[in-house]
Amino acid sequence: MERVPVTERQENVSFKDTVKALLSNRALIGIVIVYVCFLGAQMMNQSISNYIFKDYFKNTMGLTVMNAAGFAPALILAPLAVPLSSKFGKKEVGVVASVMGTIAFAGLFLMRTTNMWIYVAISIIGSLGFGLFNLIIWAFVTDIIDDQEVRTGSREDGTIYAVCSFSRKIGQAIASALGGWSIALIGYVEGAASQTAAVNNGIYTIATLVPAILYALVGIALIFVYNLSKAKVLENVEILKSRKGEV
């Protein structure tokens, strides 16, 4: 039978003190912004893809290729996720991913290409970095939990996971609402045989500029708000080990 040693019971912490501690956690605030923008960009891109290929390019084969290519990052990058994040740091990998996504979609916005395959190729390249980022994104939460314990002496696993999970839901909800609202705003006529040139240009702008902005916000949040670099994460691990007498 397994025996679990009894540890000293921690003093109960009030809800007010918990909220105050969480609001003072820069890393948590940063990752909430990242989750909202990251999920928003991904879902916005998925929802608008139906319109850009059907109405702007008038060729749905590109959508089929894009959907198939969506599995590629997970398959190709999965073996690299842990080695790269261990060597360079999760924050650092995320920053590179955000730069790749921003450059790719901002480039497409400026190009305003009518070549569907150029659009598909650049979109896939821009999504590669975030395919890797998506594989390690939940690992950020463990680092935040450790940082919270180092700063406050209290380990808030459940609360921090709940905050991060809720922020993902917010990002999904915002993306869903923004997608429908933006399509209506540009005058899209559902069921019409074809859309006007102005509407098609609006679709292209939404499909490229909005993800570029959201990916840029991910990078800004990681650089200026999320403060757990690789060096800081390792420092926190050593501090927690020393407190538990493991060093």
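Predicted model: local features only at pLDDT ≥ 70, side-chain atom pairs only at ≥ 80, totals over all residues.
**The whole chain**

Start with the entire protein chain, coloured by secondary structure. The chain contains 10 helices and zero strands. Followed along the sequence, its pattern reads α-α-α-α-α-α-α-α-α-α.

Now show the surface. The accessible surface of the protein chain is about 13,400 Å², and carbon and sulfur atoms account for 65% of that area. Of the 247 residues, 41% count as buried. Among contacts in the chain with a separation of 6 or more, 81% are between residues 24 or more positions apart.

**Stop 1**

The next stops look at pairs of helices. Two packed helices are described by the angle between their axes and the distance between the axes.

Select residues 61-69, which form helix α3, and residues 116-136, which form helix α6. The axes of α3 and α6 are 10 Å apart, and the helices pack at an angle of about 15°. Angles under 35 degrees count as roughly parallel, so α3 is roughly parallel to α6. Their crossing is right-handed.

Show the side chains where the two helices meet. On the α3 side are Met61, Gly62, Val65, Met66 and Ala69; on the α6 side are Met116, Trp117, Val120, Ser123 and Ile124. Sorted by class, the residues of this contact are eight nonpolar, two polar and no charged.

**Stop 2: helices α6 and α9**

The crossing of α6 and α9 is left-handed.

From α6, the contact uses Tyr119, Phe130 and Phe133. From α9, it uses Tyr204, Ala207, Thr208, Tyr215, Val218 and Leu222. Which classes do these residues fall into, nonpolar, polar or charged? The contact of α6 with α9 has eight nonpolar residues, one polar and no charged.

**Stop 3: Asn200**

Stay in helix α9 and select Asn200, which lies there. Is Asn200 buried or exposed? Its relative accessible area is 8%, so Asn200 is buried. Leaving aside neighbours within four places in sequence, Asn200 is in contact with Asp55, Tyr56, Lys58 and Gln195.

**Stop 4: helices α7 and α10**

Next select residues 139-152, helix α7, and residues 230-243, helix α10. The axes of α7 and α10 come within 9 Å and cross at roughly 55°. The two helices are therefore oblique to each other. The crossing of α7 with α10 is left-handed.

The contact residues in α7 are Asp143, Asp146, Asp147, Glu149 and Val150. Those in α10 are Lys232, Val233, Asn236, Ile239, Leu240 and Arg243. By class, the contact of α7 with α10 contains four nonpolar, one polar and six charged residues.

**Stop 5: Glu149**

Finish with Glu149, found in helix α7. Glu149 has 13% relative accessibility, and buried means under 20%, so Glu149 counts as buried.

Which residues does Glu149 touch, not counting those up to four places away in sequence? They are Ser154, Arg155, Leu240, Arg243 and Lys244.

Definitions and conventions:
Residues numbered from 1 in each chain as written. Heavy atoms only, no water. Axes fitted to C-alpha atoms, helices over the stretch in contact; angles between N-to-C directions. Helix = DSSP H or I, 4+ residues; strand = E, 2+ residues; numbered from the N terminus. Parallel < 35°, antiparallel > 145°, perpendicular 65-115°, else oblique. Left-handed = near helix turned anticlockwise from the far one by under 90°. Contact = heavy atoms within 4.5 Å. Nonpolar A, V, L, I, M, F, W, Y, C, P; charged D, E, K, R; others polar. Buried < 20%, exposed > 50% of the residue type's maximum accessible area, 1.4 Å probe, protein only. Areas by Shrake-Rupley, 256 points an atom, 1.4 Å probe, with all protein chains shown as cover.
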